[in-house]
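Student: I have a structure open and would like to go through it with you. Could we begin with a single residue and then widen the view?

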Amino acid sequence: MKTLGRIVSFLVYFFLYAPLLVMIVFSFNAGKSTSVFSGFSLRWYGELFSGGGMLIECLRNSLLLAVLSAVIATLIGTVAAIGIYRLKKGFVSGAILTVNNIPLMNPDIVTGVSMMLLFVFAAGLFGALNATNFYTLLIAHVTFNIPYVILNVLPKLRQSDPTLYEAALDLGCTPQKAFFKVTMPQITSGILAGLLMAFTLSFDDFVISYYTSGPDFVTLPVYIYSLVKKTVKPNIYALYSIILVAILVLLIVYNAILSRSDTKKEGN
Amino acid sequence: MTGAKAGASASVLTEKKEKTSLGAKLLNAPYLLWSAVFIVVPILMVVFYAFSETVGYYEISFTAGGREYVCELPAAEDLTLEGAKEQAAAQAGVSLADATFTHASLEYRSGGFTLANLKEVWSPASRRAMLLSFLYSLAATAISLVIAYPFAYALSRSGAKSQRIQMLLIMLPMWMNMLVRTYSWQQILENNGVINKALAFLGLGPATMLGTSGAVILGMVYNYLPYMILPIYTVMSKIDVSLLEAADDLGCNWLQKLWRLILPLSVPGIISGLIMVFVPSISTFYISQKMSNGMIKLVGDLIESKIKDQWAGGGLNVGAAMSLVLMVIILVCTFVMNRFSDDDGGGMVV
């Protein structure tokens, strides 16, 4: 059983990392091909850093969108999580949680198409020329991010000790002060985890963006999709090799946050 | 606690309850509104477009003899824009030469109720795509389960530090863009890709891999395998080690241990893994497009190509109808799978 497990583990990691390995190797390709290696070179990295180009512009767009949508979703989602937590368990809280589950359960293509139809319908009503633009894209990203924020914050609230909040009130805190001094520190790790998750989901999203973005604001994945039909150059591999390193750092930070909150819990 | 104190705190508590319930309502208001407009209404939009038809019409405005005319003509297959201009002028009783056209275009809007879109979902091409999607995603889900199960078991039995590092290793590819990873696979499987180079080196091949069902299923398994590993690992890491030891002590062999102990306890993880692989697999369009060079069309591909047509040919309506059917299929499948987890009594682990 144990050796079988080892062999399976090795094969799985090989399988998971094979395309990433190919990506990294070909990012150093001297030629223009992504399948024929013709010598080592840093030209694609140099090109990324020297000239802006569409790739960098779209990267900037994607980062901007990810930050904006993550922050907005975290604000709305955290407030919503507190609201749901304070509701008595019943029809309303059940309904909110069910609706909250829809974007989680629905395939991306259905979420994307459904939102696009809303925007097309609204554009028809108001006589707008383009149904989708930056704002519709932002709305879509905030919408699919909020459920993940709630999913991260609500359990922290349920784990938090309600008597501490009540004690703060009894000792003369205003509800606001009690919330920020007592409840907030107990859910901060959940909020941060939600923010980080929202950021990465938004940054990585292709399908929903594909349906809800307009020509005025193109994100990196949507741009890459439009490219692939022609030919992809190794500069995309170079860019994503850099992103891979960035994500590795981000994941380590995320894990550190999680493990810190874990040890805190154990300490208590 | 004395009686008086208890009474006092109880009254404070009821007072607080009233306050928070109003506060809770206010706190819930923004998201309630947001989710109503941007989650519930879009779903209703899908239903609306799925059951309505698209009406094309020519919008023509022109001036003649100092008067402005605006007119709308229903589009027909044998009516060109020029023909529509002539008709519009004729209707107004103006000769075509006198009219100065300021605007002429073909426009679309939603029309009345129809079942034609759903009928198109039942067309042979679309039926085939649905069947293929279902079979491919079923195969991808089954293969993922077979790979993920022993992997998750081994992972859950390894040391704490190794578990932490391995979790990171599994999640890292998940955060990399799926388009780039799938594209990379396409390059590996290509006729002059890495695998065929290796085969040629061994004096074998070349093997055509892109465009086969196997390549599409591989793409699905690759992209969604972590979604199978993670939930199974989560339930397995919660299994009490003393239970496994007890089974050993009582003389269970590994097969009995697996069948009578580990498997029943990991059912909830398996169920969520199945759903999390099945749902994105059945609805993908990018993976099938890349891994088959556009030769294999799944439901997602059809939705994508229909929606791309927008109004022309009622693309939005047919796309919406297909999305609706896909949503219903997924709803039924997840409902059935969730039933399984309830009946097995494995739910107690969660």
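**A conversation about chains A and B**

Tutor: Let us start with F201(B), which lies in helix α7 (residues 194-201) of chain B. Please keep in mind that this is a predicted model.

Student: Is F201(B) buried or exposed?

Tutor: F201(B) counts as exposed, because it has 9 C-beta neighbours inside 10 Å. The cut-off for the exposed class is 12 or fewer.

Student: And how far apart are F201(B) and D78(B) in space?

Tutor: From C-alpha to C-alpha, F201(B) and D78(B) are 60 Å apart. Along the sequence, 123 residues separate F201(B) and D78(B).

Student: What box do the C-alpha atoms of chain B fill?

Tutor: Taken along the principal axes, the box for chain B is roughly 100 × 90 × 35 Å. The radius of gyration of chain B is 30 Å, whereas a compact globule of 350 residues would have one near 20 Å.

Student: What share of the residues of chain B count as buried?

Tutor: Of the 350 residues in chain B, 38% count as buried. As for contacts in chain B with a separation of 6 or more, 73% are between residues 24 or more positions apart.

Student: Let us turn to secondary structure. How many helices and strands does chain B have?

Tutor: Chain B has 14 helices and three strands. The three strands form an open sheet, in the order β2-β1-β3, with antiparallel pairing.

Student: Which strands stand at the edges?

Tutor: Those are β2 (67-74) and β3 (100-113) of chain B. Each has a single partner strand, so one side of each is left without a neighbour in the sheet. On average, neighbouring strands of this sheet are turned by 20° against each other, with direction ignored.

Student: What holds strands of a sheet together in general?

Tutor: Strands of a sheet pair through backbone hydrogen bonds, either parallel or antiparallel.

Student: How many bridges are there between β1 and β2 of chain B?

Tutor: Strand β1 (residues 52-64) of chain B pairs with β2(B) over eight bridges, in the antiparallel sense. Within this pair, E59(B) stands opposite E72(B) of β2(B). S61(B) has V70(B) in β2(B) as its bridge partner.

Student: And how many bridges join β1(B) to β3(B)?

Tutor: Eleven bridges join β1(B) and β3(B), which run antiparallel. For instance, V55(B) has R109(B) in β3(B) as its bridge partner.

Student: Which residue takes a positive phi in the hairpin of β1(B) and β2(B)?

Tutor: That is G65(B), with a phi near 60°. The hairpin has two residues between the strands.

Student: Where is N293(B) found?

Tutor: N293(B) is in the loop between α12 (286-291) and α13 of chain B. N293(B) is partly exposed, because 13 other C-beta atoms lie within 10 Å.

Student: Now chain A, please. How many helices and strands does it have?

Tutor: Chain A has eleven helices and zero strands. Its C-alpha trace spans about 75 × 65 × 40 Å along its principal axes. Of its 268 residues, 39% count as buried.

Student: Which domains does the domain assignment give for chain A?

Tutor: The assignment gives domain 1 (1-41) and domain 2 (54-267) of chain A. Their C-alpha centres lie 31 Å apart. Eight residues from domain 1 of chain A and eight residues from domain 2 of chain A take part in the contact. On the side of domain 1 of chain A that touches domain 2 of chain A, there are four nonpolar, three polar and one charged residues.

Student: Last topic: how many residues of chain B are in contact with chain A?

Tutor: In chain B, 65 residues are in contact with 64 residues of chain A. Elements that give two or more residues to the chain B side include α1 (3-50), α4 (124-157) and α14 (315-343) of chain B. The largest share, 20 residues, comes from α1(B).

Student: What classes of residue are on that side of chain B?

Tutor: By class, the side of chain B that touches chain A has 46 nonpolar, 14 polar and five charged residues.

Terms used:
Residues numbered from 1 in each chain as written. Chains lettered and ligands numbered in written order. Predicted model: local features only at pLDDT ≥ 70, side-chain atom pairs only at ≥ 80, totals over all residues. Contact = placed C-beta atoms within 7 Å. Helix = DSSP H or I, 4+ residues; strand = E, 2+ residues; numbered from the N terminus. Nonpolar A, V, L, I, M, F, W, Y, C, P; charged D, E, K, R; others polar. Pairing = 2+ DSSP bridges. Axes fitted to C-alpha atoms, helices over the stretch in contact; angles between N-to-C directions. Rg over C-alpha atoms; globule rule 2.2 N^0.38 Å. Buried ≥ 20, exposed ≤ 12 C-beta atoms within 10 Å, placed from the backbone. Domains from an automatic or database assignment.
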